[in-house]
Amino acid sequence: MRKNLAIRGNMTLPKPFIDDIQPLLSPAEWHDFEIALTQSEQPTSVRIKDNSQSFPINCQRSPVPWCKEGFYLDKRPQFTLDPLLHAGAYYVQEASSMFVSHVIRTFVPAEAPLWALDLCAAPGGKSTAALQALPEGSQLVSNEIDRKRARILAENMQKWGNPNISVTANAPADFTPLGPVFDVIITDVPCSGEGMFRKDPGAVSEWSPAKVKECVNLQRQILTDIWPCLKPGGLLIYSTCTFNVHEDEEMLQYIVDHLGGEVLTIPVQPEWHIHPALTGPFAPNITPASACRFMPHFTQGEGLFMAAIRKPGDAAINPTAMHHSNKATKQQNNKRGDNNKPTKQPKIPAWLKGEFVYETDRDGLVRAIPVTHKPLHDLLVARKLYLLVSGVDLGTEKGKSFCPAHALALNDSLCPDAFPTAELDLETALNYLRREAIVLPDNVPTGYILCTYQGHKLGFVKNIGNRSNNLYPTEWRIRNL
């Protein structure tokens with residue numbers, strides 16, 4: 001058996017990685033694992049937003065068996081050049097990561113909306129998948145500690161268009177003072193990234209035993225900080241994109257021994273080809289059914305480890321935390337903005353369907369907060385968490401007019417008849433996404449116009465007659481075609 005194996009010509013698997021993993025697999029399985037990890041191609045998969053519409057990508061597809069919205073593609077298109085990606089019609093996501101939707105649908109009752117936290121959420125794949133799987137009306141906080149990555153997360157969450165979201169940029173310890181408020185917490189923790197070896201050869205050069213130890217310590221701290229925020233009876237989803245048992249099965253044992261978590265068996269079908277947990281003295285209470293491993297020689301997807309853990313106590317998944325006085329919430333909100341100082345409220349256009357309250361931040365941006373989302377929003381503000389997005393960015397008052405925010409164009413709560421629309425062809429849509437000037441049809445009225453492509457919303461322009469001002473966000477624009 002070779003101790004080093006070439007990856008795409010000139011890279012080798014680290015010997016300490018081989019020495020760590022190989023003894024846990026049979027010789028035949030190690031051989032298959034090694035070949036799959038180093039010589040096979042990673043599959044391409046997407047998760048679509050709306051099953052009721054035609055499939056948004058023109059290529060052959062097959063279903064991802066554990067996610068009804070997920071599909072493998074027979075080739076990898078140039079996604080950046082597809083306006084439907086920018087419109088939020090689908091999300092490019094590894095099939096393995098879509099498994100979070102199966103876990104949520106298995107253990108979360110569908111009847112009652114709840115509060116959920118995706119703690120390490122960037123770039124947003126698991127958060128958008130969770131929104132599809134959680135009960136209707138549930139509130140999701142998507143968090144990313146790194147501010148730059150958090151802005152990418154905010155972009156992807158706003159493109160997805162669900163109004164019941166908050167995007168924060170905080171350390172796990174910043175949430176600890178909230179106490180047990182979340183019914184579901186997703187912890188896709190930072191890891192050594194062995195599951196990315198096939199996808200990203202750079203992950204091989206960055207790997208080391210010291211990095212594994214560093215990740216183990218960080219993961220333990222993250223879990224310790226966030227465990228108090230889970231309600232008794234609540235669900236913790238723990239995942240990594242790595243293969244070693246130190247960050248996987250041993251960490252699951254740590255959750256059992258030090259946090260008192262109860263490991264749940266995630267039901268899977270044999271034809272899904274999901275690998276069971278690895279067992280041994282390193283994690284004496286972990287059985288093959290304790291977790292799901294996505295291994296490249298076994299499953300059509302990238303490397304992933306995922307487990308479901310219940311916090312001891314009576315089942316807490318219920319909507320009680322969301323039952324607050326709508327009238328009182330509106331009255332309080334109409335008096336104060338995010339900085340807790342009285343603010344002059346602009347005249348709010350009736351652009352949204354549903355029940356909202358409105359807040360104006362220091363920069364004059366008006367946020368529309370769903371009434372059901374307001375208690376959670378207020379809790380995040382009261383604890384001074386760094387809030388990038390909450391609810392729907394509605395727009396800003398400019399002189400005698402009200403300028404709509406780009407996020408409003410993509411949101412599911414936007415009334416269909418709120419703005420005149422202009423359907424764009426592919427070339428014009430791409431020019432719009434590059435934030436270039438575009439020519440609208442002659443019959444389009446002046447004012448704010450909602451641009452669409454194949455019926456999907458792209459964003460706003462302001463038509464002033466002889467030309468139109470492109471309002472696509474500069475930081476979101478396509479830079480190269």
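The model is predicted, so local features need pLDDT of at least 70, side-chain atom pairs count only at pLDDT 80 or more, and totals for chains, interfaces and linings use all residues. Residues are numbered from 1 along each chain as its sequence is written, and side-chain values use heavy atoms, with hydrogens and water left out.

Q: Why is α5 called roughly parallel to α6?
A: Helix α5 (residues 125–133) and helix α6 (residues 147–160) pack at about 30 degrees, with axes 10 Å apart. Angles under 35 degrees count as roughly parallel, so α5 is roughly parallel to α6.

Q: Which residues make the contact between these helices?
A: With contact meaning heavy atoms within 4.5 Å, α5 contributes S127, T128, L131 and Q132, while α6 contributes N156, M157 and W160.

Q: What makes S127 count as buried?
A: Buried means under 20% relative accessible area (1.4 Å probe, protein chains only). S127 has 0% relative accessibility, so S127 counts as buried.

Q: How do you know that the side chains of S127 and S142 form a polar contact?
A: They are joined at 2.8 Å. A polar contact is a pair of N or O atoms within 3.5 Å; within protein, one must be able to donate a hydrogen and the other to accept it, and residues adjacent in sequence count only if both atoms are side-chain atoms.

Q: Why is V167 called buried?
A: V167, in strand β9 (residues 165–168), has 0% relative accessibility and therefore counts as buried.

How values were computed
Axes fitted to C-alpha atoms, helices over the stretch in contact; angles between N-to-C directions. Helix = DSSP H or I, 4+ residues; strand = E, 2+ residues; numbered from the N terminus. Parallel < 35°, antiparallel > 145°, perpendicular 65-115°, else oblique. Buried < 20%, exposed > 50% of the residue type's maximum accessible area, 1.4 Å probe, protein only.
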